[in-house]
Amino acid sequence: MTIFARKNLGMTFALLLLAAPATSAFAAEAAVVIPAPAIDEAAKGSSETAVFAGGCFWGVQAVFQHVKGVKNAVSGYSGGAKETASYETVSLGETGHAEAVEVTFDPHEVSYGTLLQVFFSVAHNPTQLNYQGPDQGTQYRSAIFTASAEQQKVAAAYIAQLDRTGLFHAPIVTKLSKLEGFYPAEKYHQDFLTLNPNHPYIVYNDMPKIDNLKTIFPAAFRANPVLVSKAKT
């Protein structure tokens with residue numbers, strides 16, 4: 001879906017919000033409280049990267065920007081070729097790319113497993129195949145692009161664990177793929193939620209995710225997000 005289509009949807013959401021209580025709890029997708037991974041990575045070094053895709057990258061980026069231990073969270077594209085990694089091209093749904101977020105974190109402060117828990121619990125709905133809320137197409141698929149064999153092992157084990165719990169109403173469809181490349185999105189997509197908190201799409205779809213993160217993961221929540229525009233390079 002292009003940014004113009006999102007704006008049109010935003011007008012629809014605005015009308016819905018006018019008729020709803022003035023609370024961000026009026027959300028398109030509800031969070032699911034889930035257990036922590038039974039298997040997690042051991043902390044190694046002071047910095048690691050993980051790449052997650054779960055629908056529009058605006059909200060996914062914002063969620064991880066509010067997690068303690070995250071050093072940076074960049075919206076971008078993964079799963080396709082460098083030559084097709086642009087918003088208008090990816091929005092056609094034919095590039096193999098997914099809108100994704102590259103999360104750089106300190107594994108001594110937040111583990112990869114905890115990031116997975118946040119991803120599956122509040123960042124998106126992992127049971128929706130090739131769409132997320134109002135956004136349709138493979139570019140909005142649920143995916144994890146693993147940067148190591150250990151990440152692959154932990155993520156696969158966690159998906160199996162969550163499916164066994166029966167906490168989700170349907171099987172998890174998140175696809176695991178080896179990370180072949182990540183390409184940052186255009187500047188106007190970075191820090192979008194923080195810069196546009198009153199955008200109807202953000203109000204309806206993404207602000208509730210931040211509220212859910214604060215409620216479900218209070219120990220991991222940071223009030224002030226780490227922004228791309230201010231992150232150390």
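This is a predicted model: local features need pLDDT of at least 70, side-chain atom pairs count only at pLDDT 80 or more; totals for chains, interfaces and linings use all residues.
Trainee: How many aromatic pairs does a search of the whole structure find?
Mentor: Nine. Take phenylalanine 52 and tyrosine 112. Their rings are stacked, 6.3 Å centre to centre, with 20° between the planes.
Trainee: Where do those two lie?
Mentor: Phenylalanine 52 is in strand E1, residues 48-54, and tyrosine 112 is in helix H4, residues 112-123. So the pair ties together parts that are 60 residues apart in sequence.
Trainee: Are they buried or exposed?
Mentor: Both phenylalanine 52 and tyrosine 112 are buried. Phenylalanine 52 also pairs with phenylalanine 119. That pair is tilted, at 5.0 Å centre to centre and 35° between the planes. It links strand E1 to helix H4 across 67 residues. Phenylalanine 119 is buried.
Trainee: Which residues form one aromatic cluster?
Mentor: Phe52, Phe64, Tyr112, Phe119, Phe120 and Tyr158.
Trainee: New topic. How many salt bridges?
Mentor: Two. In one, lysine 44 meets glutamate 150, with the closest N and O atoms 3.3 Å apart. Lysine 44 sits in the loop between helix H1 and E1, glutamate 150 in helix H5, 106 residues apart.
Trainee: Is lysine 44 buried or exposed?
Mentor: Exposed, with a relative accessible area of 55%. Glutamate 150 is partly exposed, at 26%.
Trainee: And what does lysine 209 form a salt bridge with?
Mentor: Aspartate 206, the closest N and O atoms being 3.5 Å apart. Lysine 209 and aspartate 206 are three residues apart in helix H7, so about one helical turn separates them. Both lysine 209 and aspartate 206 are buried.

Note on methods:
Residues are numbered from 1 along each chain as its sequence is written. Side-chain values use heavy atoms; hydrogens and water are left out. Rings of Phe, Tyr and Trp (its six-membered ring) pair if their centres lie within 6.5 Å; planes under 30 degrees apart count as stacked, over 60 as edge-to-face and the rest as tilted. Helices (H or I, at least four residues) and strands (E, at least two) are DSSP runs, numbered from the N terminus. Buried means under 20% relative accessible area, exposed over 50%, partly exposed in between (1.4 Å probe, protein chains only). A salt bridge is a side-chain nitrogen of Lys or Arg within 4 Å of a carboxyl oxygen of Asp or Glu.
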